[in-house]
Amino acid sequence: MFGFKYFTPTKVVFGRETESQVASLIKEFGGKKVLIHYGGGSVIRSGLMKKVTDSLDAAGIPYVMLGGAVPNPRLSLVYEGIDLCKKEGVDFLLAVGGGSAIDSAKAIGYGVTNDGDVWDFYDYKRKATACLPLGVILTLAATGSEMSDSSVITKEEGLVKRGYSSDYCRPKFAIMNPELTMTLPDYQTACGCTDIMMHTMERYFTNGGNMEITDALAEGLIRTVMKNAEILVKDPKNYEARAEVMWAGSLSHNGLTGCGNDGGDWMTHKLEHELGGLYDVAHGAGLAAIWGSWARYVCGNCLPRFKQFAVNVMGVEPVGSDEEIALKGIEAMEDFYRRIHMPTNLRELGVNATDEDLAEMAHKCAVGVGGSMGSARLLYEKDMLEIFKA
Ligand code: NZQ
Ligand code: ZN
């Protein structure tokens with residue numbers, strides 16, 4: 001095992017009707033003037049936004065609002081938010097929604113507190129030294145952005161989707177009421193479950209530093225999400241299942257399931273970010289479409305982990321060669337994706353890419369990771385292209 005730092009400063013307030021505590025939490029963390037940032041309007045239609053603004057009004061907390069964060073949130077709206085915050089003297093951000101609203105708010109927070117172009121951070125040109133404090137009311141269990149150190153933004157020019165990570169943007173508080181996720185379309189619920197599992201799987205398939213306790217947490221988390229994802233396919237209003245998935249989402253991306261290892265693989269995410277940038281697909285669906293091809297491509301270089309995954313997570317009988325067991329695990333995972341109606345290749349995702357498109361994505365991906373990346377197997381541009389082709 002490797003040594004590690006584990007830093008999760010987010011105060012989690014979990015359960016029914018916890019959104020009623022929003023004003024007192026903003027006060028607790030020193031917010032005097034708030035930007036409420038949200039997406040395309042689901043939080044208005046559900047009535048959640050009215051509850052939030054009523055709470056802030058009652059507590060005498062002034063606020064301004066900015067909606068419009070789209071899935072794969074755009075840089076132009078981030079600039080708009082930065083200008084608005086500066087003009088209005090905003091000192092606290094409240095993101096209400098899913099990962100896109102949260103990530104967009106994080107980027108706004110960087111832009112307000114650091115000089116120069118905020119895209120520099122996402123373009124790996126320099127590092128942020130601060131972020132505005134941020135609170136979250138989560139409506140979609142998926143990205144884990146409510147506790148994570150990362151945010152992912154798409155620059156319209158050239159359709160470049162890039163993530164930037166730093167502890168500065170970790171939310172001060174996260175309000176998580178599983179009931180708020182019951183209005184999600186089934187597709188988004190399944191995308192979310194996929195993303196949650198992938199955040200742990202990215203940390204699991206490594207060639208370095210794995211720990212028994214971390215593996216036990218990781219394997220238990222993935223099994224729990226799989227079980228409850230299948231419950232939600234049939235019974236989307238099941239509170240217990242919503243709650244299991246929601247908490248798993250936070251634990252899967254706050255660092256817990258990677259403690260002691262080499263940092264993880266993360267190539268499925270990097271490949272997906274190219275798809276999301278170019279084709280605007282839902283993040284979780286993009287991950288499901290890529291994972292099987294990635295897994296087959298790398299599994300020979302990370303056989304012990306793929307075997308362990310097959311047996312401990314997917315329930316494969318440990319008979320036959322290691323390769324056979326590993327492959328059965330991959331197939332079982334793809335069967336699961338199909339059962340929750342997720343795609344297992346680009347065609348099922350609805351992406352009909354030409355050879356040029358695939359080459360462009362592989363090239364952008366390789367540039368984005370500085371040439372090569374991956375722990376299960378180190379991948380270069382030619383490998384990325386092979387995986388996209390598969
Ligand atoms: O925009 P609205 O109208 O709110 O609708 C959203 C959106 O259409 C809708 N939705 C959210 N909550 C809802 C709801 N609809 C009905 N009822 C509710 N309760 O769902 C759609 C998707 O929302 P979005 O926020 O885009 O989804 P998600 O949470 O999956 O976020 C995806 C983005 O996060 C990035 C992804 O790449 C993608 O850009 N990621 C961020 C990470 C992080 N910050 O740590 C890590 C992830 O790996 C990921 O890359
Ligand atoms: Zn993800």
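Two strands count as paired if DSSP finds at least two bridges between them, and helices (H or I, at least four residues) and strands (E, at least two) are DSSP runs numbered from the N terminus. This is a predicted model, in which local features need pLDDT of at least 70 and side-chain atom pairs count only at pLDDT 80 or more, while totals for chains, interfaces and linings use all residues. Residues are numbered from 1 along each chain as its sequence is written, with chains lettered from A and ligands numbered from 1 in the order in which they are written.

Show the open sheet of six strands, with order 1-8-5-4-2-3 and parallel pairing. Its edges are strand 1 (11-14) and strand 3 (63-66), each pairing on one side only. Ignoring direction, neighbouring strands are turned by 15° against each other on average. (Axes are lines fitted to C-alpha atoms, for helices over the stretch in contact; angles run from 0 to 180 degrees between N-to-C directions.)

Now pick strand 5 (residues 134-138) and strand 8 (residues 173-176), a parallel pair with four bridges. Click L138 and you'll find its bridge partner, M176, in strand 8.

**Stop two: helices on the sheet.** Contact here takes C-beta atoms, placed from the backbone, within 7 Å. Then bring in helix 5, lying across strand 2, strand 4 (92-97) and strand 5, at about 165° to strand 4.

**Stop three: ligand 1.** Which residues are closest to ligand 1? Select G39, G40, P71, G98 and G99, out of the 35 that surround it. (Being near means a C-beta atom, placed from the backbone, within 6 Å.) Elements giving two or more residues to this shell include helix 2 (42-45), strand 6 (150-155) and helix 10 (267-279). Helix 5 gives the most, with four residues.

**Stop four: a hairpin.** Follow strand 6 to strand 7 (residues 160-165): six bridges join them, and they run antiparallel. S150 stands opposite S165 in strand 7. Four residues lie between the strands of this hairpin, where G158 takes a positive phi near 80°.

**Last stop: around V96.** Leaving aside neighbours within four places in sequence, V96 is in contact with I36, Y38, V43, L48, M49, V52, A101 and I137. Select those to finish.

How values were computed:
Two residues are in contact if their C-beta atoms, placed from the backbone, lie within 7 Å.
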